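Open the model in your viewer and keep the selection tool at hand. Each stop names what to select and what is there.

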Amino acid sequence: MLDWTPDLTRSDKPRYLAIADLIAEDIRVGRLSVGDRLPPQRKLADRLEIDFTTVARGYVEAQKRGLVESRVGQGTFVRGLPRAEPRSRTTRPDLVDLSMNLPPEPDDPELIARMQDGLAEISRDLVALLRYQSFGGAPADKDAASAWLGRRALVPAQERVFVTPGAHAALVGIFSLLAKPGDVILCEALTYPGARSIAAQLGIQLVGLPMDRDGIDPDALADAVKRFAPKALYLNPTLQNPTTLTIPEARRAAIVAVARRNGLKIVEDDAYGFIPSHGLPPLAAMAPDLTWHVAGLAKCIGAGLRAAYVIAPEARAGWPFAAAMRAANVMASPLTVALATRWIEDGTADTILRFIRAETAARQEMAAAILPEGSFRADPLSFNLWVELPEPWTRSAFVGHMQSTGIGIVASDAFSTDGNPPEAARVCLGGPVSRDKVRGALEYMAHALSHSPAVASTVL
């Protein structure tokens with residue numbers, strides 16, 4: 001480790017930027033070499049008599065510039081000066097991908113440092129985490145899962161709780177357990193594309209139900225039960241993807257009543273259930289004996305974790321589920337699960353969640369200020385907008401127009417289950433895209449929505 005001490009008096013910029021600038025300068029003149037280990041952030045903060053957060057922001061800024069890299073449990077190392085990339089004549093430098101429905105990524109240096117501390121802490125038991133483990137989670141991981149699920153008023157016995165390798169894998173296991181090829185599972189008319197792909201892979205028929213502003217129509221559900229003899233009802237009841245609606249409590253009760261009268265199993269994809277601070281009771285709390293509850297961590301902490309907590313409707317139902325999941329996945333990654341457990345236990349997960357809520361609300365406020373009033377549906381805490389296109393725009397023309405400018409969005413076809421998609425598109429506001437880039441994309445979109453396709457697409 002180098003005894004590197006930058007002279008911050010040489011710069012009039014904010015101190016965190018000065019730290020990054022001085023790292024670059026010292027690499028350029030040879031005072032820092034590739035592979036050198038920089039001082040730990042707290043040690044450098046003490047040496048410079050400045051806040052730890054300032055040093056952390058400086059190191060994060062240097063990492064963004066490609067000057068350094070952080071290695072879990074080892075420290076921060078010099079990478080060198082990034083090479084200038086030749087600008088392509090065929091690709092745009094301002095591509096903005098608004099097609100993935102992800103939470104905004106944390107950019108607060110103190111939070112990022114805290115997340116890195118969690119990684120460093122679990123690495124102390126790295127050898128044990130590289131072993132096979134039984135499916136469903138170790139006792140400590142199930143305890144963390146129970147604590148996390150308790151935030152949604154769910155208190156199931158531990159034998160009904162399973163730690164799985166992500167919500168998508170869990171849905172594959174549940175669908176394959178409930179239905180055989182050719183069987184029907186009911187869902188919303190506009191539904192999560194992942195559910196569509198899973199059903200297609202398993203040979204299961206998804207039948208979409210009519211929706212209003214409160215979700216699926218209970219009468220249509222009762223009629224579909226008689227017509228199709230479905231094996232289950234799949235729902236995404238909170239901040240639904242793609243429409244952003246949340247099913248009100250009264251409508252939830254009506255849906256549960258129909259399911260109970262008919263002995264219909266419910267698969268509750270609660271991907272966004274933790275985003276509202278005080279969310280409505282999940283279906284699993286209203287009908288625990290009917291409901292498979294899937295609480296993924298992708299949308300409330302980070303998609304890269306690939307972990308989800310599943311509650312089976314009863315302990316016996318969990319046995320074949322565990323067998324199916326073991327056959328397909330063996331186990332959830334112990335490293336991933338250990339990190340999720342650590343973050344839940346030490347409060348980091350709650351801090352990430354608070355950041356996601358605040359940043360999402362700020363982006364939704366920005367969208368409301370930029371886009372024409374009434375042109376989209378959204379919730380103040382949804383990661384996306386559901387843009388309902390004015391005539392004469394069609395979804396294909398609008399998506400193509402946005403893509404021609406380097407803005408990626410998704411047409412309603414990806415979500416439709418009845419073959420009759422509306423003239424609409426999903427526009428996502430989160431992921432790695434900065435708030436400034438989202439603003440620029442929304443401003444361009446606002447111009448398009450306020451004009452006809454012929455005017456919006458005019459090129460001089």
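Select Cys428. Cys428 is buried, with a relative accessible area of 1%. Buried means under 20% relative accessible area, exposed means over 50%, and partly exposed lies in between, with a 1.4 Å probe and protein chains only. This is a predicted model, in which local features need pLDDT of at least 70 and side-chain atom pairs count only at pLDDT 80 or more, while totals for chains, interfaces and linings use all residues. Residues are numbered from 1 along each chain as its sequence is written, and side-chain values use heavy atoms, with hydrogens and water left out.

Cys428 is in no disulfide either. How many disulfides does a search of the whole structure find? The search returns 0. The criterion is a pair of cysteine sulfur atoms within 2.5 Å.

**The seven-stranded sheet**

Next, show the open sheet of 7 strands, in the order E4-E12-E11-E10-E9-E5-E6. Its pairing is mixed. Strands (E, at least two residues) and helices (H or I, at least four) are DSSP runs numbered from the N terminus. Two strands pair if DSSP finds at least two bridges between them. Colour the edges: strand E4 (161–164) and strand E6 (205–209) each pair on one side only. Neighbouring strands are turned by 20° against each other on average, direction ignored.

Zoom to E11 (291–296). Is this strand covered or exposed? E11 is mostly covered, with 6 of its 6 residues buried. Show the side chains. Thr291, His293 and Ala295 point one way, and Trp292, Val294 and Gly296 point the other way.

Now check the neighbours of E11. E10 runs parallel to E11, joined by 4 bridges. In that pair, Val267 stands opposite Trp292. E12 pairs with E11 in the antiparallel sense, over 4 bridges. There, His293 stands opposite Ile311.

Move to strand E5 (residues 184–188). E5 and E6 run parallel and are joined by 5 bridges. Select Cys187: the residue opposite is Gly208 in E6.

H7 lies across E4, E5, E9, E10, E11 and E12. H7 runs at about 165° to E11. Such angles run from 0 to 180 degrees between N-to-C directions, with axes fitted to C-alpha atoms, for helices over the stretch in contact.

**A helix crossing**

Select helix H3 (residues 52–64) and helix H4 (residues 109–122). Their axes come within 8 Å and cross at roughly 85°. H3 and H4 are therefore roughly perpendicular, the class for 65 to 115 degrees; under 35 counts as roughly parallel, over 145 as roughly antiparallel and the rest as oblique. Display the contact, meaning heavy atoms within 4.5 Å. Phe52, Thr53, Ala56, Arg57 and Val60 in H3 meet Pro109, Glu110 and Ala113 in H4.

**The four-stranded sheet**

Show the open sheet E13-E14-E17-E16, 4 strands with antiparallel pairing. Strand E13 (376–377) and strand E16 (410–411) stand at the edges with a single partner strand each, so one side of each has no neighbour in the sheet. E13 meets strand E14 (residues 384–388) over 2 bridges. Here the bridge partner of Arg377 is Trp386.

**Backbone stops**

Most residues other than glycine have a negative phi, and most peptide bonds are trans.

- Asn241 and Pro242 are joined by a cis peptide bond, with omega about 25°. Pro242 is in the loop between E9 and helix H10 (249–262).
- Thr244 has a positive phi of about 75°. Thr244 sits in the loop between E9 and H10 and is buried at 5% relative accessibility.
- Glu391 to Pro392 is a cis bond, with omega near 5°. Pro392 is in the loop between E14 and helix H15 (395–404).
- Ala229 has phi near 45°, a positive value. Ala229 lies in the loop between helix H9 (218–228) and E9 and is exposed at 53%.

**Last stop**

Select Ala328 in helix H12 (residues 315–329). Ala328 is exposed, with a relative accessible area of 59%.
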